[in-house]
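These are some notes for a colleague who is opening this entry for the first time. Please keep the view beside the text while reading the numbered points.

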Amino acid sequence: MKRFIQSADRTQVTLFPEQLEDYVSDDNPVRVVDVFVEQLHLGSLGFTRVTPLKTGRPAYHPAVLLKLYIYGYLNRIQSSRRLERESQRNLELIWLMERLTPDFKTIANFRKDNGPAIRKVCSQFVMLCRQLNLLTEATVAIDGSKFKAVNNRDNNFTTNKIKRRREQIEASIERYLSALETADRQEPADFTEAKVQRLKEKLDKLKAQMAKLDTIETELQKTPDKQISLTDPDARSMATSGRGSGMVGYNVQTAVDTKNHLIVVHEVTNVGHDRSQLANMAQQAKDALGVSGLNVVADRGYFSGEEVRKCHEAGITAFVPKCVTSGAKADGRFDKADFIYDASQNEYRCPAGQRLIWRFSTVEHGLTLNKYWSSYCPQCPIKSQCTPSPYRRVSRW
């Protein structure tokens, strides 16, 4: 006769280990966290309250809270309230914290008051990884992640948002004024005085909102990026992958080792795109790894000729796919990749075998561009596969 797996009786007496040490195996990662933090000189790193005060209630040692913070990072536990709960029920944390159970406010204040010091701890960890030869490949991948700020979308203003909100308020005011005019034409019994009073109060409220928008618009013109966030001044409105799913937050840039997937450097920015972040993050990763040369991998959102040039000058090789902005390939015509550049002659060779020679230089968006084309284009037999214009012009920075 088949049976299910049998459970144990809850009233059965069990002999648990007498020591908390027996609950944590020798190869448990929390032992690494414990040893790593114990070897740090927290005072020189900038942590507060390393030396206890002579008066007042005793505080938690920064090393205890730092261990808790690192454990939360390794196990994707970000909330201070969740860390508080885990320190009371998680055997790994009970061992790591030596039965200490700080409340969520203490944990949150520790992160708030020791931000720069925690960044230095990250640098110390990278140095340790270098000593253990975990970062020997000298290849990193860079990408950005959008993190939502505490600033609501309704408390973020741009020129277009103010324009749309002003139009909505004006439409509401027009609707209420029309209702008041209707009230004047009707009998008092049909349109009560209380309802008229409510309409007037709503009108006053809408007028106050219009005045507030005027004040915000004045302040908006003083900002360099023409954007204001009322709750979190540093947060900015950013587009996300989903249509209409923009958010107000931050763009966190991260460089990760491609072999062991360790974070080498990170930086929080409020720029909504990645176009100008490649050289900066690559240089920081190179300095953190202490190498003379570095390979960097990033997606096409990081492609910028100026950023690639900066990487090249710093001894960094960037592998970034180029953005395809021309519709020639989609229309079945030759694109720029089909034209071969000859550096010795400073000219291009087209698919028809003709020479596109240098014609002149021009400056566009601060970049000096060289223009090339061939006089053979009008009588070229495959011109229909190349361009609908009289001549196929190629630009080179």
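1. Which helix and which strands each supply at least two residues of the lining of the second largest pocket? In this predicted model, the elements that do so are helix H11, covering residues 305-313, strand S12, covering 367-373, and strand S13, covering 394-396. The largest share of that lining comes from S13, which gives 3 residues.

2. The second largest pocket itself holds about 1100 Å³ of space. It is lined by 27 residues, and those closest to its centre are Phe303, Lys322, Thr325, Lys336 and Ser395. Sorted by class, the lining has 11 nonpolar and 10 charged residues, together with 6 polar ones.

3. Strands S12 and S13, already named for the pocket lining, also belong to an open sheet of 5 strands, whose order is S9-S10-S11-S12-S13 and whose pairing is antiparallel. The edges of this sheet are formed by strand S9, residues 340-342, and by S13, each of which pairs on one side only. On average, and with direction ignored, neighbouring strands of the sheet are turned by 35 degrees against each other. As background for a new reader, strands of a sheet pair through backbone hydrogen bonds, and they may do so in a parallel or an antiparallel way.

4. Strand S10, residues 347-349, runs antiparallel to strand S11, residues 355-364, and the two are joined by 3 bridges.

5. How many cavities of 30 Å³ or more are counted? The count comes to 1, and the largest cavity contains about 130 Å³ of space. Among the 16 residues that line the largest cavity, the ones closest to its centre are Cys350, Ala352, Cys377, Cys380 and Cys386. By class, this lining has 11 nonpolar residues, 3 polar residues and 2 charged residues.

6. A last point concerns two helices, H1 at residues 29-38 and H3 at residues 62-74, which pack with their axes 10 Å apart and at an angle of about 140 degrees. Angles over 145 degrees would count as roughly antiparallel and those of 65 to 115 as roughly perpendicular, and H1 and H3 are therefore described as oblique to each other. The crossing in which H1 passes H3 is right-handed.

Note on methods:
Residues are numbered from 1 along each chain as its sequence is written. This is a predicted model: local features need pLDDT of at least 70, side-chain atom pairs count only at pLDDT 80 or more; totals for chains, interfaces and linings use all residues. Side-chain values use heavy atoms; hydrogens and water are left out. On a 1 Å grid over the protein atoms alone, a cavity is a set of points where a 1.4 Å probe fits but cannot get out, and a pocket is an open set with protein on both sides within 12 Å along at least five of seven lines; lining residues have an atom within 4 Å of a point. Grid points are joined across faces, edges and corners, and a volume is the space filled by probe spheres set on the points. Helices (H or I, at least four residues) and strands (E, at least two) are DSSP runs, numbered from the N terminus. Ala, Val, Leu, Ile, Met, Phe, Trp, Tyr, Cys and Pro count as nonpolar, Asp, Glu, Lys and Arg as charged, and the others, Gly among them, as polar. Two strands pair if DSSP finds at least two bridges between them. Axes are lines fitted to C-alpha atoms, for helices over the stretch in contact, and angles run from 0 to 180 degrees between N-to-C directions. Angles under 35 degrees count as roughly parallel, over 145 as roughly antiparallel, 65 to 115 as roughly perpendicular and the rest as oblique. A crossing is left-handed if the near helix is turned anticlockwise from the far one by less than a right angle, and right-handed if clockwise.
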